[in-house]
Each structure stands twice: as C-alpha cells, then as structure tokens.
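Open the model in your viewer and get ready to select residues. We will go stop by stop.

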Amino acid sequence: MTSASEPTLKATAKPHGFVTRGIHWISILLIGYGYLKGLDNVDQLADPALWQFEVVFASGMGLFFLFRLFWTQMVAGATRLPQAAPKWEHAASRTVHYGLYGSVFTIVGSGLAIAFAYRSAVLGDWFINATIAIHEAALAVLPVLIATHVAGALWHKVIRRDGVLESMTGKFPI
Ligand code: HEM
Ligand code: HEM
C-alpha cells in the first residue's frame, strides 16, 4: 500500500497515444542517421547531389519536428508527468524537452543556412564559418540533453515508479 506521503509512487501516468509514440521513436532514428552521415567538411557540398540530399533531409527533419511540436502541444498533450510530481521535476522536464526541440531546430536551421550560403554570391566565408560554429555547438549540446532525458526516464522507472517511462514505451514485464 502507498502512504499519503508518497503520492507519486503509483503507476499513474496516462499512456501517450500511438501517434506521439510513433513520432517519438521515428525521430530518434532520424537523429541517429543524421549523426552517422554528418559531413566532414564544407567542401563536400560542391557535389550537387549531396547538397540536394542534405537540404531535403534537413527540411524533412525540420518539418517532422514542427509537426511533432504542434501535435504534442496542441492535440495530444506534451507530458505525462503526474501533477503531483515535485515542481523541480516539472521544471526539469519542460527545460529538457524545449532544449531538445531547440537543439534540433538549431541544427536544421544552421545546416540549411550553410547550404544556401555555400551557393550564395553575396554571403562570404565569415557567414559560413559562423553558421558552422553554431551547427557544431548545437550538435555537441543535443547528446548531452538526450543523455539527461534518458536519465530522467530511468529516474521515473526506478525511483518514482509512476509510469512516465511506460507512457512512451508501453508496459515492461518488470
Ligand atoms: C542543409 C543541411 C546541412 C548542411 C549543409 C550541413 C553541413 C555540415 C557541414 C559543412 C559540416 C562540417 C563542419 C566542419 O567543417 O567541421 C557538418 C557537420 C555535421 N553535421 Fe551537418 N549539415 C546539415 C544538416 C545536418 C543535420 C540535419 C544533421 C542531423 C543531426 C547534421 C549532422 C552533422 C554532424 C553529426 C556533423 C559532424 C560534426 C563534427 O564532426 O563535429 N547536419 N554539417
Ligand atoms: C532511448 C531514448 C529515449 C527514451 C527512453 C525516451 C523516453 C521518453 C519518455 C518516457 C517520454 C515521456 C515523458 C513525459 O511524458 O513527460 C519522452 C518524451 C519526449 N522525448 Fe524522449 N526518450 C528517448 C529519446 C529521445 C530523443 C533522442 C529525443 C530527441 C528529440 C526525445 C525527445 C522527447 C520529447 C521532446 C518528449 C516530450 C514529448 C514530445 O514533445 O514529443 N526523446 N521520452
């Protein structure tokens, strides 16, 4: 039995719907692929087919995450964290979720800026160098946020046992 002083120890989180879950796991594949295929240097963009592929991939990823943001914020609900969870958990979860979106949009936006600057007669090397610096900074921040996010999910599984991890994965045998 759970005592009144342990309100969050019950498996209370309502499951996310299949659309939110599908989007969540597909976006992990997209991010993983993006990291595997990352360019080594800007001169690879001289190949028109690669330039086009990069632009299509980045635009697709950006639109996918925009749809995701719309879907979770406006339609299906963004978090299953129980209302009774401590304030710091609500703040941490919101900060990391927005940080994840922010890093992805920065990677996509800076990538597209690099691509268009590379073909521009007006924008100079300084612009390409600045956008590459932004691209690389966001690429360094995203894995840190993902690790924090996964640690948070495990915290809810092992310490809180409130069903938040299962809201995205479905039930585990344990
Ligand atoms: C129009 C789209 C994009 C363009 C033109 C672009 C361009 C570049 C360039 C020029 C570099 C090399 C930077 C350097 O000189 O060190 C780079 C690195 C990289 N990009 Fe992109 N990028 C795009 C989109 C993306 C997307 C959507 C991802 C998704 C995760 C991504 C992931 C990476 C990775 C992992 C690296 C390697 C970073 C490193 O080794 O430090 N890029 N990109
Ligand atoms: C194995 C890795 C991952 C696990 C175990 C995991 C787990 C979860 C769980 C349990 C939730 C529900 C949290 C809640 O309802 O408050 C969630 C939501 C979320 N996850 Fe993950 N996640 C993983 C990877 C990622 C990655 C790579 C991203 C990168 C974008 C991400 C972005 C999000 C976002 C933004 C939400 C909030 C709901 C939304 O807007 O879609 N997750 N995740």
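Which helices do the buried residues of helix 3 pack against? Keep that in mind as you look around; note that this is a predicted model.

**Stop 1: helix 3.** Select residues 87-118. That is helix 3, with 32 residues. From the first C-alpha to the last, helix 3 reaches 46 Å. This is close to the 46 Å expected at 1.5 Å a residue.

**Stop 2: its buried residues.** Now select Ser103, Val104, Ile107, Val108, Ser110, Gly111, Ile114, Ala115 and Ala117, the buried residues of helix 3. Show helix 2 (48-76) and helix 4 (125-160) as well. Here is the reply to the opening question: the buried residues of helix 3 pack against helix 2 and helix 4.

An α-helix has 3.6 residues a turn, so residues three or four places apart point the same way.

**Stop 3: ligand 1.** Select the 23 residues around ligand 1. Gly34, Gly38, Ala58, Gly111 and Ala115 come nearest. Helix 1 (18-37), helix 2, helix 3 and helix 4 each give two or more residues to this shell. Helix 3 gives the most, with six residues. Color the shell by class: 16 residues are nonpolar, five polar and two charged.

**Stop 4: ligand 2.** Move on to the 24 residues around ligand 2. Nearest are Thr72, Thr79, Arg80, Ala153 and Met168. Helix 1, helix 2, helix 3, helix 4 and helix 5 (164-169) each give two or more residues to the shell around ligand 2. Color this shell too: 13 residues are nonpolar, nine polar and two charged.

Notes: Residues are numbered from 1 along each chain as its sequence is written. Chains are lettered from A and ligands numbered from 1 in the order in which they are written. This is a predicted model: local features need pLDDT of at least 70, side-chain atom pairs count only at pLDDT 80 or more; totals for chains, interfaces and linings use all residues. A residue is near a molecule or strand if its C-beta atom, placed from the backbone, lies within 6 Å of it. Helices (H or I, at least four residues) and strands (E, at least two) are DSSP runs, numbered from the N terminus. Ala, Val, Leu, Ile, Met, Phe, Trp, Tyr, Cys and Pro count as nonpolar, Asp, Glu, Lys and Arg as charged, and the others, Gly among them, as polar. The expected span of a helix is 1.5 Å times one less than its number of residues. A residue is buried if 20 or more other C-beta atoms lie within 10 Å of its own, exposed if 12 or fewer, and partly exposed in between; C-beta atoms are placed from the backbone. Two residues are in contact if their C-beta atoms, placed from the backbone, lie within 7 Å.
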